[in-house]
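Please keep the structure in view while reading.

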Amino acid sequence: MTTDHLPDAPHAPHRGRPRDASRDRALMDATLTELQLHGYSGLTTAAVARRAGVSTATLYRRWRSKEDLVLGASQTWAEELGPDHDTGSLPSDLAALLHDKAAALDGPSGRLLRAVLGEAAHNQALADVLMEQFVLPLQARVEALLARAADRGEIPPGQDPLVVGEMVIGPMVSHTFLIPHTPGSRPGTDMAERLLPYLLRALGARTA
């Protein structure tokens, strides 16, 4: 996950001296921390500004409201699955995807996702951002690896990438977020290894 690109507030005007990128970064870090501690409903712009060590006026010059601030954080901590590489076989392509997904869920983007999923159920703007930043990139990568596998004759053609993407997201998210785990463990990695053989069987993968 990278924070090299920090989004502007929607429709925010640019005037005066250039923005300090270090303040943007501090505000996004603070937003993530406050979301983890208090959730969306408990988050306040004043608490974010205080944690970031800036004034509320500085925050509002960048993000006009609490919703804009959280939307900005969702874009900043968007899930970074990494590029899709052809590893030469479906099992290794799927394993790479699952482990990239696990790393994302175990990192800052996973913590952001855990904190805002409930709010997204009745906040369309946030739901749209999560779809764009978390769901669509995974579906695109699934579609690419399925097409390669079909071309190699590893699976029957015509697999539905939407369904396969959901088969990745569902178990990974539920195992990471809903099941109690020992502090310091990496549940996403554990599920990535356990899920792989089931996905291969579901896809009808041909073995050598």
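Is the crossing of H1 and H4 left-handed or right-handed? The crossing of these two helices is left-handed, a term used if the near helix is turned anticlockwise from the far one by less than a right angle. The model is predicted: local features need pLDDT of at least 70, side-chain atom pairs count only at pLDDT 80 or more, and totals for chains, interfaces and linings use all residues. Residues are numbered from 1 along each chain as its sequence is written, and side-chain values use heavy atoms, with hydrogens and water left out.

Two packed helices are described by the angle between their axes and the distance between the axes. Helix H1 spans residues 21-42 and helix H4 residues 66-76; they pack at about 115 degrees with axes 10 Å apart. The axes are lines fitted to C-alpha atoms over the stretch in contact, and angles run from 0 to 180 degrees between N-to-C directions. H1 is therefore roughly perpendicular to H4, a label given to angles of 65 to 115 degrees.

On the H1 side, the contact (heavy atoms within 4.5 Å) involves Met28, Thr31, Leu35, Tyr40 and Ser41. Their partners in H4 include Leu69, Val70 and Ala73. The residues of this contact divide into six nonpolar, four polar and two charged.

In the chain as a whole there are nine helices and zero strands, where helices are DSSP runs (H or I) of at least four residues and strands (E) of at least two. Of the 208 residues, 44% are buried, meaning under 20% relative accessible area with a 1.4 Å probe, protein chains only. Among contacts with a separation of 6 or more, 69% join residues 24 or more positions apart.

Note on methods. Buried means under 20% relative accessible area, exposed over 50%, partly exposed in between (1.4 Å probe, protein chains only). Angles under 35 degrees count as roughly parallel, over 145 as roughly antiparallel, 65 to 115 as roughly perpendicular and the rest as oblique. Ala, Val, Leu, Ile, Met, Phe, Trp, Tyr, Cys and Pro count as nonpolar, Asp, Glu, Lys and Arg as charged, and the others, Gly among them, as polar.
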